[in-house]
Amino acid sequence: MTPYCAKHADKVVTVSNISRRDIANTYDVSQKKIEVVGNAVSSEFRIMDDDELDELDVRGKYDIGYSPFLLCVGDTRSEKNILRLIDAYIMYKDRWDTNIRLVIVGNDDLYDDLYEEFEEYEDEIIFAGCRDRLDLAALINESEGYICPAFVEGAGISPIEALNCGRPVAVADMPHAHEELGNRAIYFDPYDEEDIYEGICRLVDDPIEAEIPESSWEDSSRRMKKIYRDAASEM
């Protein structure tokens, strides 16, 4: 249905200029009818004060403790690139005397094999089955920084959520990421564990100060409504 819909729709909406070009080339449709509405995040993802963080107590709820930690959202699917991230983190632990943990948030039902494979690092690598968006926002706030090694999530929303929470980010060096994040992120080669390790080092020791995105969920909603009204008026 996708090729048919792309050709026959009055308007097509996507999240980036790169995907706009991909859609036009793949489905042979004019770029003129493809509108770009960038990703934005919901109001839960914000800088929280100490009282709110104490009330949510995500460190206790997810057995993280009080050590500093880096946060990643992902699962065991290959495109999320979690295994390379874990290997790079272990490299970081082996080379430096550090108490920084790695917290990976995702569907904990998929992590059974990883629990066993990395059992010796169970105190340093924590798999948190967080399914609550407010808890996730609190985890981001509590973290030292956010790292996203995914191949296909270069324009994903999670790094923007982290910036909204005032935390620095390091992401896979993919074209969509540059369009979405510009110079607000540390970039690394997601295929190279050594480079991911370097990204971890920079995120910990030389982070780029988080710059909260100007666009909001309300801005994106207004843009979508305008596109819909314009398309409807042309019918």
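User: Which side chain meets that of R95 in a salt bridge?

Analyst: The partner is E194, and the N to O distance in this predicted model is 2.8 Å. To read such a pair, one looks for a side-chain nitrogen of Lys or Arg within 4 Å of a carboxyl oxygen of Asp or Glu. One then asks where the two residues lie: R95 belongs to helix α5 and E194 to helix α10 (residues 193-205), so that distant parts of the chain, 99 residues apart, are linked.

User: Do I read R95 and E194 as buried, exposed or partly exposed, and why?

Analyst: The general idea is a pair of cut-offs: buried means under 20% relative accessible area, exposed means over 50%, and partly exposed lies in between. R95 has 44% relative accessibility and therefore counts as partly exposed. E194, at 33%, also counts as partly exposed.

User: Where in the chain do the partners D135 and K61 lie?

Analyst: The side chains of D135 and K61 form a salt bridge of 2.6 Å, N to O. D135 is in helix α7 and K61 is in helix α4 (residues 58-61), 74 residues apart, so this pair too connects distant parts of the chain. D135 counts as buried because its relative accessibility is 3%.

User: Which residues are linked with E35 in a network of salt bridges?

Analyst: The network consists of K11, E35 and R223. Within it, the side chains of E35 and K11 meet at 3.3 Å, N to O. E35 lies in strand β2, whereas K11 lies in the loop between α1 (2-8) and β1, so the pair ties together parts that are 24 residues apart in sequence. E35 counts as buried at 17% relative accessibility, while K11 counts as partly exposed at 25%. The structure holds seven salt bridges.

User: Which residues of helix α2 are buried?

Analyst: An α-helix has 3.6 residues a turn, so residues three or four places apart point the same way. In α2 (residues 17-27), the buried residues are I18, S19, I23 and A24. Their cover includes β1 (12-14), β2 (34-36) and α9 (175-181). Just after α2, D28 takes a positive phi of about 55 degrees.

User: What percentage of the residues of the whole protein chain count as buried?

Analyst: Of its 235 residues, 48% count as buried. The secondary structure comprises 11 helices and eight strands. The accessible surface comes to about 12,500 Å², and 45% of it belongs to carbon and sulfur atoms.

Definitions and conventions. Residues are numbered from 1 along each chain as its sequence is written. This is a predicted model: local features need pLDDT of at least 70, side-chain atom pairs count only at pLDDT 80 or more; totals for chains, interfaces and linings use all residues. Side-chain values use heavy atoms; hydrogens and water are left out. Buried means under 20% relative accessible area, exposed over 50%, partly exposed in between (1.4 Å probe, protein chains only). Helices (H or I, at least four residues) and strands (E, at least two) are DSSP runs, numbered from the N terminus. Contact means heavy atoms within 4.5 Å. Accessible areas come from the Shrake-Rupley method with a 1.4 Å probe; for residues, only the protein chains shown count as cover.
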